[in-house]
Amino acid sequence: MTSIFASLSPADERQWLDRCRVRSISAGEALVDYEEPTTEVFVVQSGELRAVLRYAVGKEAILGTFRRGDVIGEVAAIDGLTRSANLMAVTDASVVVLPGTVFHDIMKQNFDVCMALMQLLAHRLRQTNERLSELTFLDTKHRLYNALLRLSRARSETTRERIISPPMVHADLAELIGASRETVSREMSRLSRDALVERTSRAIVLKNPAELSRRISKALEQ
């Protein structure tokens, strides 16, 4: 296992893994459903998963994306309530499934793991606050700019460009920022005409991230 469990010794890790199982899921398959009364915790071993909240027919919000090493499902294991979102596989994926009792035993016996979990929860709370600020203070196009910057990583050490790889489709970007797919498509076309964004088969390339940041700062000053 990885992530918040990195402080476990190899012997301790083998001991806990003996009480866990590995589950493989196919792209499009649900790992857990909204309001499901389960308390397992999951560690992503391969593939990509997404936390999704559906609030109407055909309407959903993407709460987070998770890849190798990420921990998912810890909230239900902590408070014992039903699941607060659907967990869906974006690609074929594999996860380590920790029963809630195993998760609790690890927390009781390992202070470093507890600290790592609290730091993870604090990080996610900060992300939630940032998302709330975006919805409160930024209009749709500037929320899109912010999402592109947040989702991207440096393309290389020798260029200012940033990339999102694999590229997100416009419908997913729309769900992420609380907008329609058509609105996102129009704005992405404008960014492409302005030579700020380029889409390839493998990535969304941010050609001038500094200009996107400048536009966001200007919008916040108004």
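Is arginine 50 buried or exposed, and what relative accessibility does the residue have? Select arginine 50 to begin: at 10% relative accessibility, this residue counts as buried, where buried means under 20% relative accessible area, exposed over 50%, and partly exposed in between, with a 1.4 Å probe and protein chains only.

Before moving on, keep in mind that this is a predicted model, in which local features need pLDDT of at least 70 and side-chain atom pairs count only at pLDDT 80 or more, while totals for chains, interfaces and linings use all residues. Residues are numbered from 1 along each chain as its sequence is written, and side-chain values use heavy atoms, with hydrogens and water left out.

**The sheet**

Next, select residues 41–46, which make up strand 3, together with residues 93–98, which make up strand 8; these two pair in the antiparallel sense over 5 bridges. Strands pair if DSSP finds at least two bridges between them, and both helices (H or I, at least four residues) and strands (E, at least two) are DSSP runs numbered from the N terminus. Within this pairing, phenylalanine 42 stands opposite valine 97, and valine 41 stands opposite leucine 98.

Zooming out, you will find 4 strands in an open sheet with the order 1-8-3-6 and antiparallel pairing. Its edge strands are strand 1 (21–25) and strand 6 (71–72), each of which pairs on one side only.

**The salt-bridge network**

Return to arginine 50 and show the side chains of glutamate 48, arginine 67 and aspartate 172 as well, since these four residues are linked in a network of salt bridges, a salt bridge being a side-chain nitrogen of Lys or Arg within 4 Å of a carboxyl oxygen of Asp or Glu.

Arginine 50 meets glutamate 48 at 3.8 Å, N to O, and glutamate 48 is buried, with a relative accessible area of 11%. Glutamate 48 also forms a salt bridge with arginine 67, at 3.2 Å, N to O. That pair links distant parts of the chain, 19 residues apart, with arginine 67 in the loop between strand 5 (59–66) and strand 6, and glutamate 48 in the loop between strand 3 and strand 4 (49–56). Arginine 67 counts as partly exposed, at 42% relative accessibility.

Finally, follow arginine 50 to aspartate 172, where the side chains meet in a salt bridge of 3.0 Å, N to O. Arginine 50 lies in strand 4 and aspartate 172 in helix 6 (residues 170–177), so this pair ties together parts that are 122 residues apart in sequence. Aspartate 172 is buried, with a relative accessible area of 18%.
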